[in-house]
Amino acid sequence: MNDDQAPTTGTVGVISGGVGAARFLRGLMDVVDHEQITAVVNTGDDTVLHGLDISPDLDTITYTLSGAIDPDRGWGLVDESWRAMEALGRYAAVRPPDSGAAPQWFNLGDQDLATHFYRTARLSEGASLTEVTAEIARAWGLRIGIVPMSDERCSTIVTVTETEGADTTDVSFQDYFVRLRHSVPVAAVRFDGDATMSATASTTLADAGTIVIAPSNPIVSIGPIRSLPGVDALLASRRATTVAVSPIVGGAALKGPADRMLVELGHEASVVGVARLYADIASVLVIDPADAHLADAVEETGMRCVVTPSIMSTPEIATALALTTIESVATS
Ligand code: FO1
């Protein structure tokens, strides 16, 4: 970070999903001291496979910020090998029809497995997900705070129509996203469990000088965090210093199925649709120049609209986006 670039924001809490949030945080790390940044991260995508506790969004953020992410996939580690996954084939061939053992539809790289081994072992020793996540971040040399939204399980459940004309079924988020390749119609999304905000997430959002809602899917990435008791009320009370970055540009999602999902669930897949979802909890919406013609319509929702390039195709654009975003609600 350059001192002459530093805006007067104090600490920054970033409400985060996976890939889009990770790229935004990477930019933020160029303009704010790392110790001043805390990402409050979605864990609604978390899953258990092979008996291992897997937290995709936490890992996507950790790997991206430490420069170890596979840049093409946006998840998992660069220069990864897949020998363990291949070896599972031997057992998939003999598993009984009613067994879920040796699933191969969710790809866990050989080095990535080490993270899941460590997380699972520490959780089974009684450590909280908050503690384990901090340990993993430290192991990757990070000084920013990476905090799970909750230490309890909160699972995103997606109601889908798996085959045309069939009844709807409820599936886990990873079933929808990876196994069904997010290509089936979504009828509803809900968040199961009686989870509460983790203590660190709660302190982060209460005390941050600035809160950013990252450019993540409003329904399945930001939605699980907002579903926790007290989060929306807390954000509403911090509305003046909360800014959201639209994950929708030109009517399309930057990554993933957010655009289709918004429409299927009765929202508009545009920056105006995003503004309607966030107007009660954030005072500013950052949109891309591609949507500049919708700035007035965004402002009609009660949000101030800031127009700046938001497609983070280079690190420089991510840095400039992060700076403009936090300056949009800077106190002085
Ligand atoms: N996404 C895929 O599309 N296919 C995979 O096989 C897959 C494996 C995977 C393993 C570890 C991990 O941390 C993430 C992984 N992802 C995979 C990404 C993940 O499903 C999604 O990016 C998020 O859950 C959505 O934010």
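**Notebook: salt bridges**

I started with arginine 122, which forms a salt bridge with glutamate 135, the closest N and O atoms being 2.9 Å apart. My criterion for a salt bridge is a side-chain nitrogen of Lys or Arg within 4 Å of a carboxyl oxygen of Asp or Glu. The pair links distant parts of the chain, 13 residues apart: arginine 122 sits in helix 4 (residues 110–124) and glutamate 135 in helix 5 (residues 129–139). Helices here are DSSP runs (H or I, at least four residues), numbered from the N terminus.

Note on the source: this is a predicted model, so I took local features only at pLDDT of at least 70 and side-chain atom pairs only at pLDDT 80 or more, while totals for chains, interfaces and linings use all residues. Residues are numbered from 1 along each chain as its sequence is written, and side-chain values use heavy atoms, with hydrogens and water left out.

Buried or exposed? I checked arginine 122 and glutamate 135, and both are buried (under 20% relative accessible area; exposed is over 50%, partly exposed in between; 1.4 Å probe, protein chains only). I also found Arg122, Glu125 and Glu135 linked in a network of salt bridges.

Next I looked up aspartate 175, whose side chain meets that of arginine 179 in a salt bridge at 2.7 Å, N to O. The two are four residues apart in helix 6 (residues 173–179), so about one helical turn separates them. Aspartate 175 counts as buried at 19%, arginine 179 as partly exposed at 35%.

Then I checked arginine 73 and aspartate 70: salt bridge, 3.4 Å from N to O. Arginine 73 is partly exposed at 23%, and aspartate 70 is buried at 12%.

My tally by this rule is twelve salt bridges.
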